Amino acid sequence: MRHIRLAPFTRPKPVLDFDTFFLTEYQRLFQTMYLLVRNRMQAEDIAQEAMARTYERWRGIRDPAGYVYRTAFNLHRSWLRRLAMAAAKRPAPTPARDEVDAAERRVDALRALAELPRTQREALVLIEWVGMTAEEAGRVLGIQPVSVRGRVHRAKAALRQRMGGPDG
C-alpha cells in the first residue's frame, strides 16, 4: 500500500470582521478613487458603493481588499460608460474645476496623472499609491502581472516627460 504524503496543515489567514476591514481600508479606497475621478463626491459615492457591495458578499470573499478595489474600478468604468452615453445625447459639459487649495506642484502632478490613459492611471495608482504587487493589481484589473508592469512603466515615463523629471 502506498503512503500519500499530505502537505502540513496551514491555518488560513484570519479574516477581519467587516467593521475592522472598513476602518482600515476605506480612507485609502476613497483616496484611490479620488486620484482616478478627480471629484470628491464621485470618489466618495464609488467608495461607499464598493464597500456596501463588499459587505453584502462578505462571507464568500477570500481577498476583501482585492474585491473592494475591483468593485470600485468596475463602478468607475460603469460611471464612465453612462457619462459617455449621456454625452452622446447632449453637448459635453465643461469639467468642474478642483477648488482644493494645494501647492502648485501637487496640482501639476494631478493634472499630469489625469492626462494618462485610464488603463495606465489605474495600474499606477494600484501599484504606487495603494501598494499592491503587480500580481495583486493584475487580479483587480483582470490582466496579467506583466501587463501591469508595462502599464506602470509607460505611465512613469509619460509623467517624467510631462513633469520634467530625470530623463525628461
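Predicted model: local features only at pLDDT ≥ 70, side-chain atom pairs only at ≥ 80, totals over all residues.
Reader: What is the value of phi at R38, and is R38 buried, partly exposed or exposed?

Author: Phi of R38 is near 60°, which is a positive value in a residue other than glycine. For the second part, buried means under 20% relative accessible area, exposed means over 50%, and partly exposed lies in between (1.4 Å probe, protein chains only). R38 has a relative accessible area of 40%, so R38 is partly exposed.

Reader: Which residues does R121 contact, and in which helix does R121 lie?

Author: Contact means heavy atoms within 4.5 Å. R121 lies in helix α5 (residues 118–130), and, leaving aside its neighbours within four places in sequence, R121 is in contact with L35, L36, R38, L113, A114 and L116. The side chain of R121 also reaches the backbone oxygen of A114 at 3.1 Å.

Reader: How far from R121 is the nearest side chain of opposite charge?

Author: Lys and Arg count as positive and Asp and Glu as negative, whereas His and the chain ends are not counted. A salt bridge is a side-chain nitrogen of Lys or Arg within 4 Å of a carboxyl oxygen of Asp or Glu. R121 is buried yet has no salt bridge, and the nearest side chain of opposite charge, that of E122, is 6.7 Å away.

Reader: Why does V140 count as buried, and what is in contact with V140?

Author: V140 counts as buried because its relative accessibility is 2%. V140 lies in helix α6 (residues 134–141), and, apart from neighbours within four places in sequence, V140 is in contact with G66, Y69, R70, F73, L126 and M132. The C-alpha atoms of V140 and N74 are separated by 9.5 Å, although these residues are 66 residues apart along the chain.

Reader: How many aromatic pairs are there, and how do I read their geometry?

Author: Rings of Phe, Tyr and Trp (its six-membered ring) pair if their centres lie within 6.5 Å; planes under 30 degrees apart count as stacked, over 60 as edge-to-face and the rest as tilted. By this rule the count comes to 6 aromatic pairs. F18 and W58 form one that is edge-to-face, at 5.3 Å centre to centre with 80° between the planes. This pair links distant parts of the chain, since F18 is in helix α1 and W58 is in the loop between α2 and α3 (64–89), 40 residues apart. The rings of F21 and W58 have their centres 5.3 Å apart and their planes at 45°, so that pair is tilted. Ring pairs link F18, F21, F22, Y26, Y55 and W58 into a cluster.

Reader: What does the protein look like as a whole, in helices, strands and buried residues?

Author: The protein has 7 helices and 0 strands, and buried residues make up 33% of its 168 residues.

Key:
Residues numbered from 1 in each chain as written. Heavy atoms only, no water. Helix = DSSP H or I, 4+ residues; strand = E, 2+ residues; numbered from the N terminus. Polar contact = N/O pair within 3.5 Å; in protein donor to acceptor, adjacent residues only side chain to side chain.
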